[in-house]
Amino acid sequence: KGQHRLANEIEHIVQEHLKYVHEDVNHGWDLIHQDGEMKVYRREVEENGIVIDPMKMFHTIKGVTGHEMCRYFYEYQYRMEWETTLDSTKIIEVLDPDTVIFHQMHKRVWPSAQRDNCFWSHIRCIAKSEEDQPIWLVVNHTIPHPLAPIKPPQVRLVANVALICETVINEPPLNPKDIKRENIQCRLTYVAFVNPGGWVPGAALRSVAKREYPRFLKHFSNYVIEQTRDKPILF
Ligand SMILES: O=S(=O)(CCO)c1ccc(-c2ccc(C3CCCC3)c([C@@H]3C[C@@H]3c3ccccn3)c2)cc1
């Protein structure tokens, strides 16, 4: 398999996320929002007076697979259909079919300056045991890039985000071909380490994050449910 220039960095970041995905959120994380199956946790962290609170969300979505959730989260062509916080998105480099570099302009969130984000995005399937469904994940991680120069007054985000999904099949029928969408669900973990890149009033950022993260996950989940409703199941 061709090793591109980011292969080692990506391997390291992916392994880090896999190490912490099962971390116990009862120590040091505050449950700040719950909506049905969705639970949103936050740790309050500041670095040089800038709020960089890690966010962690858990959700169970009926009728879709982890591969479908990750595919719609990763693929460029769907990005503007579910991402409501963006003015633009662009692929500036393709390293392989599962690894691309995006440059995105976020909508301005008052009172802060407009943010942009340049990040590698990698999708991967991790086989578990024979009988278990594989884990699918997408990691988005900031990286500098010559084709995405920082242009003040825009502020460059520093973000390390992972969407890690398991597929659960309830009462698996003898023949896997008979599996229906009502028999499947996706259990996902979403973690986001976002440094806004420049000063934002802490209280404002915390209220934006508290509102936006659950909204994003609910909107994105509903989008994937709608997109996959009448399509064959993608395991
Ligand atoms: O999952 S991703 O990789 C999807 C990539 O398309 C991703 C998601 C979210 C962000 C993000 C970018 C900017 C901001 C703030 C910082 C100052 C002003 C805006 C925030 C804050 C937390 C609030 C927020 C949370 C969710 C959605 C939008 N807004 C988050 C970046 C990447």
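Analyst: Two strands count as paired if DSSP finds at least two bridges between them. Keep that in mind for this model, which is a predicted one.

User: Thanks! What makes E1 and E2 a pair of strands, and in which sense do they run?

Analyst: Strand E1 (residues 30-35) and strand E2 (residues 38-42) share five bridges. The cut-off is at least two, so E1 and E2 pair, and they do it in the antiparallel sense. For one of those bridges, look at Gln 34, whose partner in E2 is Lys 39.

User: Why does Arg 124 count as buried?

Analyst: Buried means under 20% relative accessible area. Arg 124 comes in at 19%, so it is buried. You will find Arg 124 in strand E8 (residues 115-126).

User: What does the side chain of Arg 124 make polar contacts with?

Analyst: One partner is the side chain of Glu 11, at 2.8 Å. Another is the side chain of His 122, at 3.1 Å. A polar contact needs N or O atoms within 3.5 Å, so the values of 2.8 Å and 3.1 Å both qualify under that cut-off.

User: Why is the contact between Glu 16 and Lys 19 called a salt bridge?

Analyst: The N to O distance between their side chains is 3.2 Å. The limit is 4 Å, so the pair qualifies as a salt bridge. Glu 16 and Lys 19 are three residues apart in helix H1 (residues 7-20), which means they are separated by about one helical turn. An α-helix has 3.6 residues a turn, so residues three or four places apart point the same way.

User: Which residues does Glu 212 form salt bridges with?

Analyst: With Arg 211, the closest N and O atoms are 3.5 Å apart. With Arg 215, the corresponding distance is 3.1 Å. Glu 212 and Arg 215 are three residues apart in helix H4 (residues 202-228), so about one helical turn separates them. Glu 212 has a relative accessible area of 18%, so it is buried, while Arg 211 at 41% is partly exposed. Arg 215, at 45%, is partly exposed.

User: What makes helix H2 mostly covered?

Analyst: Eight of the nine residues in H2 (residues 66-74) are buried. Among them are His 67, Glu 68, Met 69 and Phe 73.

User: And why can Ile 91 belong to a surface patch?

Analyst: A patch residue needs over 30% relative accessible area. Ile 91 has 31%, so it passes that cut-off and counts as partly exposed. Ile 91 sits in strand E6 (residues 86-96). Together with Tyr 76 and Val 94, Ile 91 forms a nonpolar patch with about 260 Å² of accessible area.

User: Last one: what surrounds the ligand?

Analyst: There are 20 residues around the ligand, and the closest include Glu 83, Gln 104 and Asn 140. The protein buries 97% of the 650 Å² that the ligand exposes when taken alone.

Technical notes:
Residues numbered from 1 in each chain as written. Predicted model: local features only at pLDDT ≥ 70, side-chain atom pairs only at ≥ 80, totals over all residues. Heavy atoms only, no water. Patch = residues over 30% accessible without salt bridge, like charges linked within 9 Å, V, L, I, M, F, W, Y side chains within 5 Å. Areas by Shrake-Rupley, 256 points an atom, 1.4 Å probe, with all protein chains shown as cover. Helix = DSSP H or I, 4+ residues; strand = E, 2+ residues; numbered from the N terminus. Buried < 20%, exposed > 50% of the residue type's maximum accessible area, 1.4 Å probe, protein only. Near = heavy atom within 4 Å. Polar contact = N/O pair within 3.5 Å; in protein donor to acceptor, adjacent residues only side chain to side chain.
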